Amino acid sequence: MSSHEPVTVIGLGVMGQALAGALLAVGHPTTVWNRTAAKGDALVEAGAVRAASVADAVAASPLVVLCTLDYPTVRGTLEPAVGQLRGRTVVNLTNGSPAQADEMAAWVTGHGAEYVDGGIMAVPPTIATDEAFLLYSGPERVFAAHRETLEVFGEARYVGAEIGLASLYDLALLDGMGFLFDGFHHSVAMALSHEGAGAEEFTGLLVRWLANMAKLLPALAADIDADRADGTAPQYTQGLDVQLAGQVNILRAARDAGVVDTVGLEHGKAKLEALIASGLTEWSSP
Ligand code: NDP
């Protein structure tokens, strides 16, 4: 497809508006539709065409991008336009599970359209910047045909033909992020139990520490891959007994500091205790 293929964007929440805005900014003829039409006003002012119905929106472009609340709303939104789907490509950037991606692919292709699933690893202000990357899965030939357009949103990373892969990796990345933010709040709450501590100053130390620890992740990943390939137990520098002693100290300090939510720490301690009880002395893949 040409670098200026017409695109329809359905779902104009904060993310959908950013996606449509990015397309308009580089000259793609862009048709938009949203349940609450007024959310498209600024895009229409910027040159987008507002479709009168979702069927008109789908009919307007060979590439239809969806970004709504969840998969049921994608399906519900597209239902009145099934007659227009044949021959088009649907790229669904709505957050969903791999199983939902499978179901959506079957439903969309059953109506004669191609289907690519995606996950957006960006927030609206970083769409179309170097920071943004988006994951895509589905038939490679279909992704390749629209890659140039999809690159407008941010780096378009094709992760594989299995339709649920983009969702799986998206959710796994969000899972890691969730633990990071939980850890941040927990860590800051502990530090702020000291009257003289400031969140910003402490966070400087936390970011430095986490950035150093993040450098260990590729080596841990290599251990996990090796373990999966030949059953060789990964070699880590700390035994489980040392980790458990440290975990007990963190839990005690958190309680002493008056941190209310210690569920995650207790879970970590119980997990280490269970591993030790099972006879392990070194961590192995979860
Ligand atoms: P918003 O709440 O801003 O927008 C939600 C969109 O879904 C709106 O277009 C809304 O329409 C539509 N919608 C909700 N319910 C229905 C329904 N019953 N029928 C039809 N349309 C409906 O959310 P975002 O734009 O932030 O998120 C959209 C997707 O993007 C989500 O899957 C989210 O996980 C993903 N995403 C968002 C990021 C972000 O930082 N915001 C980051 C990465 C991914 P209406 O305007 O009429 O309510």
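How are H4 and H5 oriented to each other, roughly parallel or roughly perpendicular? This is a predicted model, in which local features need pLDDT of at least 70 and side-chain atom pairs count only at pLDDT 80 or more, while totals for chains, interfaces and linings use all residues. Residues are numbered from 1 along each chain as its sequence is written.

The axes of helix H4 (residues 71-78) and helix H5 (residues 98-110) cross at roughly 10° and come within 11 Å. Here axes are lines fitted to C-alpha atoms, for helices over the stretch in contact, with angles from 0 to 180 degrees between N-to-C directions; helices are DSSP runs (H or I) of at least four residues, and strands (E) of at least two, numbered from the N terminus. H4 and H5 are therefore roughly parallel, a term for angles under 35 degrees. Tyr71, Val74 and Arg75 of H4 meet Gln100, Met104 and Trp107 of H5, contact being C-beta atoms, placed from the backbone, within 7 Å. By class, this contact has four nonpolar, one polar and one charged residues (Ala, Val, Leu, Ile, Met, Phe, Trp, Tyr, Cys and Pro are nonpolar, Asp, Glu, Lys and Arg charged, the others, including Gly, polar).

The protein chain is divided into domain 1 (7-168) and domain 2 (216-286), with bounds from an automatic or database domain assignment. Their C-alpha centres lie 40 Å apart.

Technical notes
Parallel < 35°, antiparallel > 145°, perpendicular 65-115°, else oblique. Contact = placed C-beta atoms within 7 Å.
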